[in-house]
Amino acid sequence: MKKRILSAGLLLSMAVTAEAQDRQVVDTVASALETQGLMTPKGSFEIEPSFSYSQNTSNRISILGFTQVPALLVGIIEAEDADLTTFTWALAARYGLTNRIELELRAPFVYRHDSITKRIPGAGNNGDETRTFTPDGGGLGDIEAAIRYQFNLESAPFWIGGLRIKSDTGESPFDQTLDANGIYEEPATGSGAWALEPSLTMIYPLDPAVLFATGGYTWNMEADAGVDIDSSNGEGGNDKYDLGDSFFLGMGMGFAVNNRLSFSLGFNHRTVFESSVNGNKSGEVLQLDSLTTGFSLAINDKTSVNMSLQAGLTEDAPDVQLNFGMPIMF
């Protein structure tokens, strides 16, 4: 039977990308009114350990969530109810190649705990039986690299272009077989496909606030599946899948309370297009909206602590997303 492909559980932050958003807005609020360069200064090096927690529930009959830029939940599920919990620890490194150009490399470790309730036909004394399965597991996620360029330094608004590349280093859902109940023993930690994400961000300082807006497009490349997805082609294990591309828009405002504390508010939207298997469309177009609030506290002139909380507004967006980060400049 051909498995339907749907995408669910999107994590989208306020500006640039999910991983860089908090740092970008915080840097803007804390320093854009004092310096015109918004990238990591030339010759400077920054590392940022981070942690995120995501909770998503769904009562879809068939779901496929997958990791793409910036992030999505992963796993093929045919369920009446699913509670998907994801913990991500990551380490990002950034280097200022020039005052206009910033390079970034990010490596995540993903741990997932899912609670899936399914109706098993004919399993009970009176016919069908409802069972709950709790697959969990973790591992290396999809490593990402990015480059950002600040187009202008002289006057606001400031424009920043970015290009993010996501690898396929995480465990793919399409390289694993399902058990007798149609569930993975260990949830996947990656998408199994490379992706490119160009983006453009506008930052406009208005003392003591900073307005920002961002937009971009995520292109997921076609990839080979290690297991049979579409048995109708008679070529089990040779299937090709193409995760749905998407475009995103975000806007918001950062506000400096004082020279150490700032907070931000933002709205995000992403449209995810249909996926395909062997060139055949599968699934549906998803509209994902969320609200995000965050704050940053500068510990000293080299280190700050950032936190953001995101609430989903639509069915397929995560119910809640909590992010912590600590950028440290060298």
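The model is predicted. The chain has 330 residues, and 52% of them count as buried. Its secondary structure consists of one helix and 21 strands. Among contacts between residues at least 6 apart in sequence, 65% join residues that are at least 24 apart. The accessible surface of the chain amounts to about 14000 Å², and carbon and sulfur atoms account for 59% of that area.

A patch of negative charge lies on the surface, where Asp-136, Asp-168, Glu-171, Asp-175, Glu-185 and Glu-186 gather. One of these residues, Asp-175, is placed in the loop between β9 (158-166) and β10 (195-206).

The surface also carries a nonpolar patch, formed by Phe-45, Tyr-95, Leu-97, Leu-103, Ile-147, Leu-163, Ile-165, Trp-194 and Phe-330. Together, the residues of this nonpolar patch have about 790 Å² of accessible area. Among them is Trp-194, which is found in the loop between β9 and β10.

| Residue | Patch | Relative accessible area |
|---|---|---|
| Asp-175 | negative charge | 45% |
| Trp-194 | nonpolar | 41% |

Asp-175 counts as partly exposed because its relative accessible area, 45%, lies between the limits of 20% for buried and 50% for exposed. Trp-194, with a relative accessible area of 41%, is likewise partly exposed.

Conventions. Residues are numbered from 1 along each chain as its sequence is written. This is a predicted model: local features need pLDDT of at least 70, side-chain atom pairs count only at pLDDT 80 or more; totals for chains, interfaces and linings use all residues. Side-chain values use heavy atoms; hydrogens and water are left out. Helices (H or I, at least four residues) and strands (E, at least two) are DSSP runs, numbered from the N terminus. Buried means under 20% relative accessible area, exposed over 50%, partly exposed in between (1.4 Å probe, protein chains only). Contact means heavy atoms within 4.5 Å. Accessible areas come from the Shrake-Rupley method with a 1.4 Å probe; for residues, only the protein chains shown count as cover. Patches are made of residues with over 30% relative accessible area and no salt bridge: like charges are joined within 9 Å, nonpolar side chains (Val, Leu, Ile, Met, Phe, Trp, Tyr) within 5 Å. A salt bridge is a side-chain nitrogen of Lys or Arg within 4 Å of a carboxyl oxygen of Asp or Glu. Lys and Arg count as positive and Asp and Glu as negative; His and the chain ends are not counted. The place of a charge is taken as NZ of Lys, CZ of Arg, CG of Asp or CD of Glu.
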